[in-house]
Amino acid sequence: MTAQISEGLILNGEEVSLLSNPLDSYFALAGINPEFSSNSTALWRGYIGTWEITADRLYLINLQGTLKNGGVICLETIFPGFPDRVFAHWYSGTLRIPRGKLIRYRHMGYGSKFEKDELIKIRLGIVITTEIIINGVAPSGAKEGYKVGAMTVFPRQSKSEDN
Amino acid sequence: MIWLVIYIFIGTVLVTTVTLSDKVKAYAEWKKIVRDLKNKRFSGRWWIQQALLPTIGFLIMSLTWPLLLYFWNADRLKKSRRDRREEETRFRIRRADLVARCSVAEVEIAEKIIDPMGAVPGLPFGHLNGAWVRFHDAKPEAAELWSFATEWEDYWGNFFERKGYVWRHQEQLHPWLLTFDVATNDVLGNSD
């Protein structure tokens, strides 16, 4: 498996990488399974969500992706009537935000290790606790920020090819 | 001496049975051998692949047939253990998981979700209302609504805290609606 492109999170006005997929819980609990199309080995889930924590609440504020039928998805595709903001009340778990420099790259899932991890515990969409875990010190010259090292991109089938 | 003869006889019968059963399955392979024989296509490679190697394999297996039985039995036991584990870890609600009996009206009031930014529908269970409606519609006749809370261990040994509602009908606890599902394992478990 290839390292996966992260979700985005706006936290205190700063956009950071989010190494958790709260939308997966939604699909599981809601019993729905939208058929996202994946055109890259670095994005098997087929979508990228942008989240925001405001007033200790987790919101989904943007969603990008394509369905297998070629349809482009946005927030309203999954949450009709809510084009701008969705309160993630279904989500309970820990959000992981990588901080500092890369200690060890792992080309699988969200497996890379960073100097620190900011962990935000969420219960039913509301922030419960925030803690910083120190994982170690990166070697000199190590890069900062979450990135995927390599991926294979597949050509996307156009609608006309489907027909 | 008689025991050696019996041993080799059992081995021969066993391996012949297994070989024939495999060959019957691989009918196309048989047809190819027969076709080669008819057309007299016997290259050196043919003799090695179709005659020498199978004969050596047959002789070895005839002499070491207890190993064949051992591996066959080990494979059967492994499959049986896997099936049992799958059955044990299949998510189900037990009577001990039931928390309280409730009415639909009570649940619909309790599960209204309020958001100051108005980013949730004003319906029971908010964005999960569709799942609630399907669960409600699937109510078995004369069933009672119960809330449940449980800790569940999945096939791979991960633990989850799960909560929700279930229809209780006689001793059946089904269907259920999951409203809370959180892995209790360490979030960094996959990063080391």
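In this predicted model, the largest nonpolar core comprises 40 residues, of which Tyr59(A), Leu60(A), Val86(A), Ala88(A) and Val166(B) touch the most other members. Strand E4 of chain A, spanning residues 57-66, contributes the largest share of this core, with four residues. In soluble globular proteins, nonpolar side chains tend to be buried together. When residues up to four places away in sequence are left aside, Val86(A) touches Tyr59(A), Leu60(A), Leu75(A) and Phe79(A), as well as Ala119(B) and His127(B) of chain B.

Helix H1 of chain A covers residues 22-30, and its buried residues are Pro22(A), Leu23(A), Ser25(A), Tyr26(A) and Leu29(A). Viewed down the axis of H1(A), these buried residues fall within an arc of 150 degrees and therefore line one face of the helix. Their packing partners in chain A are strands E3 (47-54), E4 and E7 (93-104), while those in chain B are helix H6 (129-137) and strand E4 (172-183). Gly31(A), which follows H1(A), has a positive phi near 70 degrees.

Chain B contains six helices and four strands, arranged from the N terminus in the order α-α-α-α-β-α-α-β-β-β. Its radius of gyration is 31 Å, whereas a compact globule of 192 residues would have a value near 16 Å. Along the principal axes, the C-alpha atoms of chain B fill a box of roughly 85 × 45 × 45 Å. Buried residues account for 13% of the 192 residues in this chain. Of the contacts in chain B between residues at least 6 apart in sequence, 53% join residues at least 24 apart.

Conventions: Residues numbered from 1 in each chain as written. Chains lettered and ligands numbered in written order. Predicted model: local features only at pLDDT ≥ 70, side-chain atom pairs only at ≥ 80, totals over all residues. Core = buried A, V, L, I, M, F, W, Y, C linked by C-beta atoms within 7 Å. Buried ≥ 20, exposed ≤ 12 C-beta atoms within 10 Å, placed from the backbone. Helix = DSSP H or I, 4+ residues; strand = E, 2+ residues; numbered from the N terminus. Contact = placed C-beta atoms within 7 Å. Rg over C-alpha atoms; globule rule 2.2 N^0.38 Å. Arc of directions from axis to C-beta.
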